[in-house]
Amino acid sequence: MFSWLEKNPFFFAVAVFIVIAYAGIIEILPDFANRARPLEGIKPPTVLELAGKHIYMKDSCNACHTQMIRPFKSETDRYGMYSLSGEYAYDRPHLWGSKRTGPDLKRVGNYRTTDWHENHMLEPASVVPGSLMPAYKHMFKNNADIETAYGEALTTKKVFNVPYDMEGMPKLGTWEETQAIVKEQAQMIVDEMKNQEVKDAFARGEIREIVAIIAYLNSLK
């Protein structure tokens, strides 16, 4: 067999290709599937965090910020542990990005606070001198769309089996139950903020966009 292949270069090349392709499938695909599984401790976003992600995309934050730390020393020194595929198991759509006008935000929740985000969104240069980022003052006046976020969470639970309502995972429940959970999470953020207009709106039952996006940014760890 081998002597025949040695005399027929074309079939020899085909045989080598088949062997390498088969070995690649055996070695690479199982490892790829394992790496894509959710890491231990990774949870789907809460409804308030999901509403914040919608605002993040609506205002095109992902056009200037990535959410993927590459395995280079210069990046891990600045941003922390490099990103693993299993961290994105519940992140739909992924907001990895490729353009960095601003810094990567994958682990911004580890080193920025609610107070910092509030000041940064209101007046970026007040906390980052020379910042090119525009102010997002409208987030302090517009209400977050909680209903759409709830609808998306419910859909991913039913269609993609995202483990909401399971032990140790965010609770979804009915719309009324979700409203109570969202209010509780928002209350903790509002309590840490200084903006009186946001506090007054929350007292009236309104959740401003700034509260939702801070919840989302705080969840990026």
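**View 1. The crossing of α5 and α10 is right-handed.** In this predicted model, the axes of α5 and α10 lie 10 Å apart and the two helices pack at an angle of about 125°, which makes α5 oblique to α10. On the α5 side the contact is made by Thr114, His117, Glu118 and Met121, which meet Ile210, Ile213, Ile214, Leu217 and Asn218 of α10. Sorted by class, the residues of this contact are five nonpolar, three polar and one charged.

**View 2. Helices α8 and α9 cross with left-handed geometry.** Helix α8 spans residues 175-192 and helix α9 spans residues 196-203, and their axes come within 10 Å of each other while crossing at roughly 155°. Because angles over 145 degrees count as roughly antiparallel, α8 is described as roughly antiparallel to α9. The residues that form the contact are Lys183, Ala186, Gln187, Val190 and Asp191 from α8, together with Val198, Lys199 and Phe202 from α9. By class, the contact of α8 with α9 comprises four nonpolar residues, one polar residue and three charged residues.

**View 3. The largest pocket of the model has a volume of about 780 Å³.** This pocket is lined by 34 residues, of which Lys43, Pro45, Glu49, Ser219 and Leu220 are the closest to its centre. The elements that contribute two or more residues to the lining are α3 (47-58), α7 (146-160), α8 and α10 (209-219), and α8 is also the helix that crosses α9 at roughly 155°. Divided by class, the lining of the largest pocket holds 16 nonpolar, eight polar and ten charged residues.

**View 4. The second largest pocket holds about 610 Å³ of space.** Among the 26 residues that line this pocket, those closest to its centre are His65, Gly102, Pro103, His120 and Met133. Helices α4 (73-79), α5 (114-122) and α10 each supply at least two residues of the lining, and the largest share, four residues, comes from α5. The lining of the second largest pocket divides into 17 nonpolar, seven polar and two charged residues. Two of the helices named here, α5 and α10, are also the pair that packs at an angle of about 125°, and α10 likewise gives two or more residues to the lining of the largest pocket.

Notes
Residues are numbered from 1 along each chain as its sequence is written. This is a predicted model: local features need pLDDT of at least 70, side-chain atom pairs count only at pLDDT 80 or more; totals for chains, interfaces and linings use all residues. Side-chain values use heavy atoms; hydrogens and water are left out. Axes are lines fitted to C-alpha atoms, for helices over the stretch in contact, and angles run from 0 to 180 degrees between N-to-C directions. Angles under 35 degrees count as roughly parallel, over 145 as roughly antiparallel, 65 to 115 as roughly perpendicular and the rest as oblique. A crossing is left-handed if the near helix is turned anticlockwise from the far one by less than a right angle, and right-handed if clockwise. Contact means heavy atoms within 4.5 Å. Ala, Val, Leu, Ile, Met, Phe, Trp, Tyr, Cys and Pro count as nonpolar, Asp, Glu, Lys and Arg as charged, and the others, Gly among them, as polar. On a 1 Å grid over the protein atoms alone, a cavity is a set of points where a 1.4 Å probe fits but cannot get out, and a pocket is an open set with protein on both sides within 12 Å along at least five of seven lines; lining residues have an atom within 4 Å of a point. Grid points are joined across faces, edges and corners, and a volume is the space filled by probe spheres set on the points.
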